[in-house]
Amino acid sequence: MRLTLYSDYSLRVLMFLARREERTQIDEIAQFYNISKNHLTKVVNNLATMGYIETTRGRGGGMTLKMAPEEINIGGLIRKTEEHFTLVECFDPETNTCPIAGICGLQNVLGEALMAYLNVLDQYTLQDVLFKKVNI
């Protein structure tokens with residue numbers, strides 16, 4: 001199981017903001033992680049829409065966390081930032097063409113593994129995964 005870059009960047013933005021007391025610009029985060037400002041802009045807009053961060057435009061603008069780090073559940077965030085959890089073809093009934101889908105036991109095993117994966121993520125908050133204090 002692998003997270004998309006979108007989920008990875010979402011987590012990075014939230015972790016960065018959790019360590020800052022003042023408003024932060026997208027440029028600062030992009031430079032710190034050495035990732036594209038364009039990708040981060042999409043991530044930041046979505047995080048604001050979902051209510052995780054607050055953004056302010058204009059002079060003196062930027063972004064801050066809207067929620068306390070201990071209120072941001074990692075599993076919940078991942079469920080919102082991942083497009084789908086289709087590990088194998090048979091997980092999507094609309095596109096499934098696997099000829100053994102009805103008799104194969106792999107779908108159940110992988111489904112159970114996926115639920116275990118998400119259940120572990122549900123046990124942690126942003127506060128639990130923050131990196132040690134560094135100068136950012």
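## Salt bridges in the model

A salt bridge is counted here when a side-chain nitrogen of Lys or Arg lies within 4 Å of a carboxyl oxygen of Asp or Glu, and a search of the whole structure finds 5 of them. The model is predicted, so local features need pLDDT of at least 70 and side-chain atom pairs count only at pLDDT 80 or more, while totals for chains, interfaces and linings use all residues. Residues are numbered from 1 along each chain as its sequence is written, and side-chain values use heavy atoms, with hydrogens and water left out.

## Overall form

The protein chain holds 6 helices and 2 strands (DSSP runs of H or I with at least four residues, and of E with at least two, numbered from the N terminus), and from the N terminus on these follow the order α-α-α-β-β-α-α-α. The radius of gyration, taken over C-alpha atoms, is 18 Å, well over the 14 Å that the globule rule (2.2 Å times the number of residues to the power 0.38) gives for 136 residues, so the chain is more spread out than a compact globule.

## Individual pairs

R20 pairs with E22, their closest N and O atoms being 2.5 Å apart. R20 is buried at 15% relative accessible area, whereas E22 is partly exposed at 42% (buried means under 20%, exposed over 50%, partly exposed in between, with a 1.4 Å probe and protein chains only).

R79 and D122 also meet in a salt bridge, at 2.6 Å from N to O. R79 lies in helix 4 (residues 74–81) and D122 in helix 5 (residues 106–122), so this pair ties together parts that are 43 residues apart in sequence.
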